[in-house]
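Subject: Structure handover

Hi,

Here is the structure I promised to pass on. Please open it alongside this note. My findings follow below.

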Amino acid sequence: MSDKIKDYIVITTFALIIFGTLLINTITPDSTVSKSERKSLQQFPKIAWSIILEKGDDAKPISVKKRVDTFSKEIKKFTKDFETYASDQFVGRDAYRRLKASIVFNVFRHSDNNDIYIAEGQASKYISKVNDAAINMIIKGYNHVYNTMLKDGPNVYFSIIPDKNYFIAEENGYPSIDYEAFVNKFKTELNSNIKYIDLFDSLSIGDYYATDIHWRQEKIEDVVNKLAAEMDFETGNAQYTENKLEGFYGVYYGQSALPMSSEELIYYTPNNDGITVRLLNEQYSAQGITKFEEVEMYNLEKYIREDPYDIFLHGPKQLIVIENENASSNRELVIFRDSFTSSLAPLLVESYSKITLIDLRYIANIFITDEMVQFKENQDVLILKSVEVLNSGSIKFIDENGKLIK
């Protein structure tokens, strides 16, 4: 075979690969969500021609320079969005991500991929540094919440949920923070009237999903018992139906792109007809109107969406109220929560007649009104946060003057 024929074969093969890939990506319908990566995918961007071609008015026509600047900005935005779109919608994206992760681990012998590692059968994302600014802001913020909302009656508690790194990082050679110092900072700098409850000794690595950040609802009986002992509420009379869902993949499965087995998700439904669950309608809330809508405790439709863990109390929400007319007491509980509490709260409904869950990542403290929750004497208030959320800086607090607390 002559060199000329070889060249033709190489060029033709290369062209077929390039144009074939382009054709496949062009005719394949775009996806809206990547379930493995837990994110929405970029859709084909559009140029805002209406803004570019805006006429202005006779008194103040739009200058050529301004029109050119507007056009330039739109083109830059389109280019940036298109790059994301091309990456997000590339056919076989997940296969390429798995190939890249496999090469990183097995060829280059990296110990992690995207800061996610696997040890003792568990996937985890290591935390190598404490975010001091975030911690200081949270401490000041909750002290402000205590002084403005909680000091006149409720019994206030604070607890930290350890991340999986606490159990497996250091002994497997991965970066780890000083958890004792992390906890002590909150214990010493939060208002002295806020009682700390230590949950670290009530959990083990087996209590968490192997592919996810969260604990398993069926594994946290010791956590419930520890809270009950410290907060003096009754447990033991609750009756639940155990439900199972197959094929659960957690957030670390998608982020790491590593081959891991699916898990079983178990959730408990209280055997009690007197329970109602209401969500704050966030659309009305944004307009300054307090309106609730009644929902089921578990939203099974979430299981086939971006994050299957969101079946627990419908996932991230501003405010949720659970009432039980057949509870073992007439006590009330307010939890300043994060996502871990979504699976914990259903296990507490038999002990409290009313549980209100507030997530300050999605509703600012100054927007919490008496129509949403009333803080009162002999009520229990639990500030329950995971290490990841406390260290992320995702919670913001606003003072009475409307300024961000730093």
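A cut-off to start with: a residue is buried under 20% relative accessible area, exposed over 50%, and partly exposed in between. Phe71 comes out at 37%, so Phe71 counts as partly exposed. Keep in mind that this is a predicted model.

**Surface patch**
Phe71 sits in helix H3, residues 64-88. Together with Trp49 and Leu53, Phe71 makes a nonpolar surface patch of about 330 Å².

**Helix H8**
Which residues of H8 are buried? They are Val223, Val224, Lys226, Leu227, Ala228 and Met231. Note that a lysine, Lys226, is on that list. These buried residues pack against three strands given here with their ranges: S5 (155-161), S6 (195-198) and S12 (332-336). They also pack against helix H11 (341-344) and strand S14.

**Positive phi**
Just after H8, the backbone at Asp232 takes a positive phi of about 60°. Asp232 is not a glycine. Its place is the loop between helix H8 (221-231) and strand S7 (240-248). Asp232 has 60% relative accessibility, so it counts as exposed.

Asn378 is another non-glycine residue with a positive phi, here about 65°. Where does Asn378 lie? Asn378 is in the loop between strand S13 (354-358) and strand S14 (380-386). Buried or exposed? Asn378 is exposed, because its relative accessible area is 54% and the cut-off for exposed is over 50%.

Best wishes

Conventions. Residues are numbered from 1 along each chain as its sequence is written. This is a predicted model: local features need pLDDT of at least 70, side-chain atom pairs count only at pLDDT 80 or more; totals for chains, interfaces and linings use all residues. Side-chain values use heavy atoms; hydrogens and water are left out. Helices (H or I, at least four residues) and strands (E, at least two) are DSSP runs, numbered from the N terminus. Buried means under 20% relative accessible area, exposed over 50%, partly exposed in between (1.4 Å probe, protein chains only). Contact means heavy atoms within 4.5 Å. Patches are made of residues with over 30% relative accessible area and no salt bridge: like charges are joined within 9 Å, nonpolar side chains (Val, Leu, Ile, Met, Phe, Trp, Tyr) within 5 Å. Accessible areas come from the Shrake-Rupley method with a 1.4 Å probe; for residues, only the protein chains shown count as cover. A salt bridge is a side-chain nitrogen of Lys or Arg within 4 Å of a carboxyl oxygen of Asp or Glu.
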